[in-house]
Amino acid sequence: MKPFPLINHFEVPKPLPFRDLLVEIGFGRGEFIVRLARENPGRIVLGVEISGVSVEKLLKRIKRESITNIRIVHMDAYWCFNLLLEDSSVERIYMNYPDPWFKKRHIKRRLTKEENLYIFARRLKPGGEIVIRTDHYPFIEYTLEQAENLKVFSSEVRRLSVEDPLTKYEERWVSMGKEIYELKLVRSKEPEQREVRTIREVEEVFPVKVQGREPCPEEITGEEIRLGEGVYLKFFRVYRADGVILVETLLSEFGFLQKLFIEIRRKGDCWVVDVSPFSQVLRTDNLQRAVELMAERGFRP
């Protein structure tokens, strides 16, 4: 694998060939992950972040400061651990001030819900740790409750003091009397097997030829199409030019989102429906179904 900081999760062989990883989920401004990389020069440090702005800022800093042992994945943490990482390949996971999602209707978005903790536990080595810092104690209580359901972690909670190694922001907060907590979850048992959300990759998505019919993708734009349990497809804007039609497409597979263009191109006496070569996608069986559905419903006699 080329030693570039940003991992193209659409194209890399899976799982990634990393062992004993140190992972920060949600690295924000990048201060912690940069310090972690400098303190562990012989280790690969993986940053997982959904904010494109944060990713771009860290990439610039890595280049500016010639940091060679940080790798970045720009995607949701659950799917990064599910699709890219191998069982027992992670030594420690850091979560610094994850969003507690205060409103009751948003609790399912919390990073430490049971489903996520399960996949994290599978990827941790025996004795591997999850280290969480937060200033919201109800988030600690929620995480402990979710971890208890799995029966695989031992736990320790402590309140940080000025004697602890703190960032400049934490030091300021503690000096102002703000309480900061650290929760450590240690994988003490092997997780039992359970069903999880997952998607199935295929080696190739095949184009579909349509003869004797004319494309009319505008007629199915805006409609949310259910392809199966947890799998949804929606077509948006249509762009036409010189015998080529591009259809803006969103595919959601159990919460894994892919934005792409489906291309309809004139070839001889037929039309060819395919994923646009300009779209970076994870090739899945449902992506194949999206192409086939466009060929079926996006044409008229």
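## A quick tour: hairpins, cores and pockets

In the hairpin of strand 10 and strand 11, two residues sit between the strands, and G230 there takes a positive phi near 80 degrees. Keep in mind that this is a predicted model, where local features need pLDDT of at least 70, side-chain atom pairs count only at pLDDT 80 or more, and totals for chains, interfaces and linings use all residues. Residues are numbered from 1 along each chain as its sequence is written, and side-chain values use heavy atoms, with hydrogens and water left out. Helices (H or I, at least four residues) and strands (E, at least two) are DSSP runs, numbered from the N terminus.

**Hairpins**

- Strand 10 (residues 224-228) and strand 11 (residues 231-241) run antiparallel and are joined by four bridges; two strands count as paired if DSSP finds at least two bridges between them.
- I225 has L233 of strand 11 as its bridge partner.
- Next along, strand 11 pairs with strand 12 (residues 244-253), again in the antiparallel sense, over nine bridges.
- Here V238 has V247 of strand 12 as its bridge partner.
- This hairpin of strand 11 and strand 12 has two residues between the strands, and D242 takes a positive phi near 50 degrees.

**Nonpolar cores**

- A nonpolar core is a set of buried Ala, Val, Leu, Ile, Met, Phe, Trp, Tyr and Cys residues joined through side-chain atoms within 4.5 Å; buried means under 20% relative accessible area, exposed over 50%, and partly exposed in between (1.4 Å probe, protein chains only).
- The largest core has 44 residues, and F120, I130 and F153 touch the most other members.
- Elements giving two or more residues to this core include strand 1 (21-25), strand 2 (45-49), helix 4 (114-123) and helix 5 (137-150).
- Helix 3 gives the most to this core, with six residues.
- F153 is in contact (heavy atoms within 4.5 Å) with L117, A121, L124, I130, A147, L185, V186, R187 and S188, leaving aside neighbours within four places in sequence.
- There's also a second, separate core of 25 residues, with L227, L251, I264 and V275 among them.

- F32, I33, V34, L36 and A37 are buried in helix 1.
- Those buried residues of helix 1 pack against strand 1, strand 2, helix 2 (52-65), strand 3 (70-74) and strand 4.
- H136 is in the loop between strand 5 and helix 5, and H136 counts as buried because its relative accessible area is 18%.
- Not counting residues up to four places away in sequence, H136 touches P100 and F102.

**Pockets**

- On a 1 Å grid over the protein atoms alone, a pocket is an open set of points where a 1.4 Å probe fits, with protein on both sides within 12 Å along at least five of seven lines, and lining residues have an atom within 4 Å of a point.
- The largest pocket holds about 1,700 Å³ of space; grid points are joined across faces, edges and corners, and a volume is the space filled by probe spheres set on the points.
- Its lining has 49 residues, of which G26, V48, E49, I50 and M75 are the closest to its centre.
- Strand 13 supplies the largest share of that lining, five residues.
- The second largest pocket has about 300 Å³ of space, and 16 residues line it, with F32, R35, Y94, R133 and E182 nearest its centre.
- Helix 1, strand 4, strand 5 and strand 7 each supply at least two residues of the lining of the second largest pocket.
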